[in-house]
Structures are given as structure tokens and as C-alpha cells.
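Please look at the sequence and the 3D structure together, and keep both in view while reading. The paragraphs that follow lead from a single loop residue to the helices around it, and then to the open space between parts of the chain.

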Amino acid sequence: MGISRVISSRTPPSDYEPRLDRRRSPAPNREPWQIQKDALKEKFSTEGWAPRKRLSPDALEGIRALHAQFPEKYTTPVLADQFEVSVESIRRILKSKWRPNDEETASRRARWDKRGERIWSKMVALGAKPPKKWRE
């Protein structure tokens, strides 16, 4: 009679509560979107949403326009592949209803240009040739 038999034959204490594993047994009456929402909440709970790649304001509008004109051709996975971002990023872009006003658009354009200059100045220091826009 080994130790494993002794342990397995004992009954759990009266205050024992089994650990529930949410991934193995989702509630049967939950909708798929609810399961997805909980998964995203769990995934981004500690660090929040911080995508690695930034898209320009023009690219964001392009994504929205392509999906609006040809939704069956430019699905979320296709757009994610074309713009080289995650499916979650595209989903959030398409879901967003916010649109900048004229003043915000100008401010965003200026920030984006400043970001481009900063990135290209680093690239020039490494020996890359900048685009015509930032050449002197």
C-alpha cells in the first residue's frame, strides 16, 4: 500500500472547495461574444491595451472605408493581414464610433508628422535614407 493509495482514499475536509477552471467548463448558456469579452478582459487586465504598431490617421480612415464599401471582401482578418496588425486592433478600429473634429484632426496630423520626424531622425543616425518629405 503506497502513499498514493492512502492520499486518494481520504475524503476532503468539510471546508474544501474545488478550484474552478474557467477555461475548461464555460457556462453553457453564455453567448460567444460574452466568452470573447471575458477572455479579452482577462488578457488585458494587467497591462491594458497597448498595441505594438501605430497606424496613421489616414490608415485608420482607410480601414474604415474599405470595410464599409466592401465588407465581404475586407473582413477583419483580411484587413489585419493587409495592415500587419492584430485582428483585435482592427476590431477596435471598426467598432469605434469616435471621429475627430477639424481642430482635433489638425492636432493629430501635427503629432503624427512630429512622430515621423523623430523616428526618421533616429533612422538617419543609423544610416538610413529618409523619405523626400523629411530631406533637406
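The loop between α4 and α5 is the place of E84, where helices (H or I, at least four residues) and strands (E, at least two) are DSSP runs that are numbered from the N terminus. E84 has a positive phi of about 55° although this residue is not a glycine. Is E84 buried or exposed? With a relative accessibility of 61%, E84 counts as exposed, because exposed means over 50% relative accessible area, buried means under 20%, and partly exposed lies in between, as found with a 1.4 Å probe and protein chains only.

This is a predicted model, in which local features need pLDDT of at least 70 and side-chain atom pairs count only at pLDDT 80 or more, while totals for chains, interfaces and linings use all residues. Residues are numbered from 1 along each chain as its sequence is written, and side-chain values use heavy atoms, with hydrogens and water left out. The pLDDT is the predictor's confidence in each residue, on a scale from 0 to 100; the protein averages 80, and 73% of the residues score at least 70. Among the elements, helix α4 (residues 76-83) has the highest mean pLDDT, 94, whereas helix α1 (residues 3-9) has the lowest, 52.

The protein has six helices and zero strands, and of its 136 residues 15% are buried. Helix α5 holds both E88 and R92, whose side chains are joined by a polar contact of 2.8 Å. A polar contact is a pair of N or O atoms within 3.5 Å; within protein, one must be able to donate a hydrogen and the other to accept it, and residues adjacent in sequence count only if both atoms are side-chain atoms. An α-helix has 3.6 residues a turn, so residues three or four places apart point the same way. E88 is buried, with a relative accessible area of 12%, while R92, at 30%, is partly exposed.

In helix α3 lies L66, which counts as partly exposed at 26% relative accessibility. Although L66 and L79 are 13 residues apart along the chain, their C-alpha atoms are separated by 8.7 Å.

Helix α6 covers residues 102-125, and its 24 residues should span 34 Å at 1.5 Å a residue, which agrees with the 35 Å between its end C-alpha atoms; the expected span is 1.5 Å times one less than the number of residues. At its N-terminal end, α6 is capped by N101, which has a side-chain oxygen 3.1 Å from the backbone nitrogen of E103. Just after α6, G127 takes a positive phi of about 105°.

Finally, consider the space that the protein leaves open. The largest pocket holds about 690 Å³ of space. Of the 23 residues that line this pocket, the closest to its centre are R54, L55, P57, L60 and R108. On a 1 Å grid over the protein atoms alone, a pocket is an open set of points with protein on both sides within 12 Å along at least five of seven lines, and lining residues have an atom within 4 Å of a point. Which element gives the most to the lining of the largest pocket? Helix α6 does, with six residues. The lining of the largest pocket divides into ten nonpolar, three polar and ten charged residues, where Ala, Val, Leu, Ile, Met, Phe, Trp, Tyr, Cys and Pro count as nonpolar, Asp, Glu, Lys and Arg as charged, and the others, Gly among them, as polar.

How values were computed. On a 1 Å grid over the protein atoms alone, a cavity is a set of points where a 1.4 Å probe fits but cannot get out, and a pocket is an open set with protein on both sides within 12 Å along at least five of seven lines; lining residues have an atom within 4 Å of a point. Grid points are joined across faces, edges and corners, and a volume is the space filled by probe spheres set on the points.
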